[in-house]
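User: I have a structure to look through and have not seen it before. Can you take me through it?

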Amino acid sequence: MTCIIHHLSIFVGLTFFIFQFLCVFAQGKLFLSGMKIHFPNELAGTAFCYGVGLIFLIPEYYFFEFLHIGKCAFVAWVLVGLGLLNYYKKKIMVDKQTYYKQDTDDSLLIQEDDASWGWKICLFFLFLIYVVDFFAVSMVTTIPNENGANGYYVDWLFWIGNAISFQKGLPVQVFRVVGENFRYHYFSSIVIAQISRMTGIDVLIVGFYLSYIIVSIILVFGTFILLSRFTNRKVLLAGAIVLIFFTGDRGGVTTDWHYFFCPFGYDYGMAMGILTIYFLFFMHSHDMKNRDIFFSSFLLAATTGFKAPIAVVVLLGMGIEGLWLLYQKRIKKALLAGSVWLGAFVCVYYVFIMSHKRNIARTYYGIRQAFAENSYGIDIYMKISQILPFPSRLVKIFAFFISVITINRAIMICYIIASLIYVFNKKILKYELVVLFFMANSGIYMTLSILMSGSSQMYFAMAALPYAVCFSLPAIEYFIYSKECRGKIFAITAIIYTVAFGVGYWERSFQKMAWQGINTIQGNLTYENYENEFVNSSRYYITSGQMEGYQWIKENTEEDCLIASNFGRGNMAMGVFTERFLWNDGTYGDYWIDEVERRNDIVGMLNNSESFHEGINALKKEGIAYYIEDAQSQENSLADSVLKKIYSNNDMAVYRIE
């Protein structure tokens, strides 16, 4: 359907399908077999084969770059993929024994009799996610020159810009933002670039239309196997998956958006985090070997590179495991595990994620001050204070409680109910649940006590939500199915109501995005309905004429040239689609605000006849080769009389500065 709706050759879909099996699944299977790491069932094996295979695209990218043969990745890895397929057929398919033997008390793992049902439920939710992403991702991110105009959320442009940069090769090119490359979902950008290289599919098509296909498999299967460690009740398992993927809220933590409507690589980080925690519990319930420790650090490193805040929450859970090893007096094992896990996180974060050129606003305030500084917290407090005539301190406490609940109302109410059940029934509280409780609370605490630029502290809470659901499952199962418990009707009614609310809110969000996607595909996404009905912002709205102009620049200008534009602050889309450095783009340029203003002041000189020549001379000194003017300025353009116009249409004009 993706190929049909976007007028792509069916060969594109076939190529991607073969690639994901040969170069992702089979490659992961080979590695796990070589490491002698096997899992209790094929569901877990499938999740880890895809997860490991996807991660391996990153070192492969650097390997080819080191050998300066990045453009040959397609031919080389088709041959490697065929070799992997042959090995998989001869060696792995006949190997049915597992390296680990399940403990007799390991009853929380899904049993072999339930495997067929597990496949059915995973495939059902995978299909459902594919349908959602088809409308909310593939159709919404339609490239503007297909059916008319389109607009993008800024995160998509950051992410695709990085992918284009990596696709061009190392060192990373800085063609989007003044100052430096934006280290945004670093590893997922590399994955998209490497997939583009290996398949020969344009990086825009991979990023906008196909980015969710492989990672959705890891998300669904990984989530299912993790949940199945805590209950084998089919209704609860299905309900828990709905809680994690299909609930939302009005709060500042936009989990539903980051799973589906605007994932831009976040889903990769969450998938790897879930695999890491599953393997952590898997090691704990078996004889932990040094090989397992290093493999878990491999997963943690990948999680860090995909999305660092998720890795922080995961690392805290691994820290509990390290303390448990110390408690068991396994000192050497504890020191090895702790140092390897912490080292994996620090190294990846320092080398790939941490910015060395600018000071990112990432400040710990504590809950009281952070809540007072957070605009969302202030808004809740002001609304409640107008309704409740209570002392200020009580209102603040109540507002704080509301801010916690609205992280995700459905999940948080289930989590609170489960916590109360554990308080009165400590006998059902096990080690893994303690780890999950610590992780969930830590993620929520960091969200409420840290302020980051772009409200990125919300990622800590988003990372905690799946583990809050896992934590809740045994308690809810005990409460519903135990004859000893009272007040079931009230609690079950509350849970059903909150889940229904969360699903209802998610459905309204999906409906809006699906409608935007349908309008985009039909060519009906006008400037007015895009701004008023869908995103309330026209900063990244691109007409088909502008896209044609960007494509002309991409094909007819020097790859390393500098471009200036009077389109104004925030026109990062021009840099992305032209694949050229937009010299005066000020998107997210607050860290370099003086330099951004200086550059835009120079460009602004071209709007005044008295300063026009001074502005042109300044651009020449800066090495600017091309000047792009919008349609409105074309009506009384000063550039026509001085500069050579080399391209124009109804939406823009391109001038050569000589």
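What follows is a short chat about this structure.

User: What kind of model is this?
Analyst: This is a predicted model.

User: How many helices and strands does the chain have?
Analyst: The chain has 27 helices and 9 strands.

User: And what share of the residues is buried?
Analyst: Of the 658 residues in the chain, 59% are buried. The accessible surface of the chain is about 27,900 Å², and carbon and sulfur atoms account for 61% of that surface.

User: What about contacts along the chain?
Analyst: Take the contacts between residues at least 6 apart in sequence: 75% of them join residues at least 24 apart.

User: Let's pick a helix pair. How do helix 3 and helix 8 cross?
Analyst: Helix 3 covers residues 42–66 and helix 8 covers residues 203–227. Their axes come within 8 Å and cross at roughly 140°. Angles over 145 degrees would count as roughly antiparallel, so helix 3 and helix 8 are oblique to each other. The crossing of helix 3 with helix 8 is left-handed.

User: Which residues meet there?
Analyst: From helix 3, the residues include Leu43, Ala47, Phe48, Tyr50 and Leu54. From helix 8, they include Ile214, Ile218, Phe221 and Phe224. The residues of this contact divide into 12 nonpolar, 3 polar and no charged.

User: Staying in helix 8, is Ser216 buried or exposed?
Analyst: Ser216, which lies in helix 8, has 3% relative accessibility and so counts as buried, the cut-off being under 20%.

User: What does Ser216 contact?
Analyst: Leaving aside neighbours within four places in sequence, Ser216 is in contact with Leu126, Ile129, Tyr130 and Asp133.

User: Where is Phe230?
Analyst: Phe230 is in the loop between helix 8 and helix 9, the latter being residues 234–245. Phe230 is buried, because its relative accessibility is 3%.

User: How far is Phe230 from Glu477?
Analyst: In sequence, Phe230 and Glu477 are 247 residues apart. In space, the C-alpha to C-alpha distance between Phe230 and Glu477 is 9.4 Å.

User: New topic. What is the phi of His7?
Analyst: His7 has a positive phi of about 60°, although it is not a glycine. Most residues other than glycine have a negative phi. His7 sits in the loop between helix 1 (2–5) and helix 2 (10–34).

User: Is His7 buried or exposed?
Analyst: His7 is exposed, because its relative accessible area is 57% and the cut-off for exposed is over 50%.

User: And what about Lys36?
Analyst: Lys36 also is not a glycine and has a positive phi of about 60°. Lys36 is in the loop between helix 2 and helix 3.

Notes
Residues are numbered from 1 along each chain as its sequence is written. This is a predicted model: local features need pLDDT of at least 70, side-chain atom pairs count only at pLDDT 80 or more; totals for chains, interfaces and linings use all residues. Side-chain values use heavy atoms; hydrogens and water are left out. Helices (H or I, at least four residues) and strands (E, at least two) are DSSP runs, numbered from the N terminus. Buried means under 20% relative accessible area, exposed over 50%, partly exposed in between (1.4 Å probe, protein chains only). Contact means heavy atoms within 4.5 Å. Accessible areas come from the Shrake-Rupley method with a 1.4 Å probe; for residues, only the protein chains shown count as cover. Axes are lines fitted to C-alpha atoms, for helices over the stretch in contact, and angles run from 0 to 180 degrees between N-to-C directions. Angles under 35 degrees count as roughly parallel, over 145 as roughly antiparallel, 65 to 115 as roughly perpendicular and the rest as oblique. A crossing is left-handed if the near helix is turned anticlockwise from the far one by less than a right angle, and right-handed if clockwise. Ala, Val, Leu, Ile, Met, Phe, Trp, Tyr, Cys and Pro count as nonpolar, Asp, Glu, Lys and Arg as charged, and the others, Gly among them, as polar.
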